[in-house]
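Please have the sequence and the structure at hand while reading.

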Amino acid sequence: MNILNVGYTSTNYYVLADAKPRLLIDVGFAGTLPKLQHELKRMGVQLAGIKHLLATHYHPDHAGLAAELQGMGIKLIVVDVQQEAIAAVQDDLKLAKQYVGFDKNAAVMITLDESRAFLATLGIHGEIIATPGHSNDSISLILDTGEAFTGDLTHPMMAGEGESGEVIKQSWDAIRAHGAKSSYPGHGPVYALK
Ligand SMILES: [Zn+2]
């Protein structure tokens, strides 16, 4: 599986692709569709070819465009542990503006347990696990080949510090237990996991 970084404005957005794009992981602020289109074009990816979007968590720099992409026919994959966060966004008028809403009918609801089987239908071999610490709704996608998409989970070197230190450490333990060898974060460069 090829991993393409189509990020902009200091956030990484990843496209998993083989002969065709399989999944978009995270997407930028509401109103930044032209930037996304520009980056996709630069990387040789057709937006129309992307059928599924997964957000590592529902902060506006990771899911802001979700509703707009849903309007274009892309299926938003929502994991059970994320439903509450989406509801919270929608109930918050200030936040709701940054997301432009969210269409439940155009979403694919899955549980963490179902993630492996669901991803297989997209041609992706891996699993989605809950990795709280940065936010309660944070998830990570771990490919069987060892790449982990970890969103904004605090770098493992900094884990253990601060209020949610223990939670962050547990999330990294879980990521490693699933065979991850490298982290593809929401911000900054890819790094090896030891
Ligand atoms: Zn965040």
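## A buried strand

In this predicted model, strand β8, spanning residues 139-143, is largely enclosed by the rest of the structure, because 5 of its 5 residues are buried. The burial concerns both faces of β8, with Ile139, Leu141 and Leu143 covered on one side and Ser140 and Ile142 covered on the other. In a regular strand, side chains alternate between the two faces of the sheet.

## Partners of β8

Strand β7, which covers residues 126-130, runs antiparallel to β8 and is joined to it by 5 bridges. Within this pairing, Ala130 stands opposite Ile139 of β8, a residue that is itself buried.

Strand β9, made up of residues 147-151, also pairs with β8 in the antiparallel sense, over 2 bridges, and here Ile142 stands opposite Ala148 of β9. The hairpin formed by β8 and β9 has 3 residues between the strands, and in this hairpin Gly146 takes a positive phi near 105 degrees.

## The open sheet

An open sheet of 6 strands is also found in the model, with the order β1-β2-β3-β4-β5-β6 and mixed pairing. Its edge strands are β1 (2-5) and β6 (107-110), each of which pairs on one side only, and the twist from one strand to the next averages 25 degrees.

Inside this order, strand β3 (residues 21-25) pairs with strand β4 (residues 52-54) in the parallel sense over 2 bridges, and Ile25 stands opposite Leu54 of β4.

Methods:
Residues numbered from 1 in each chain as written. Predicted model: local features only at pLDDT ≥ 70, side-chain atom pairs only at ≥ 80, totals over all residues. Buried ≥ 20, exposed ≤ 12 C-beta atoms within 10 Å, placed from the backbone. Helix = DSSP H or I, 4+ residues; strand = E, 2+ residues; numbered from the N terminus. Pairing = 2+ DSSP bridges. Axes fitted to C-alpha atoms, helices over the stretch in contact; angles between N-to-C directions.
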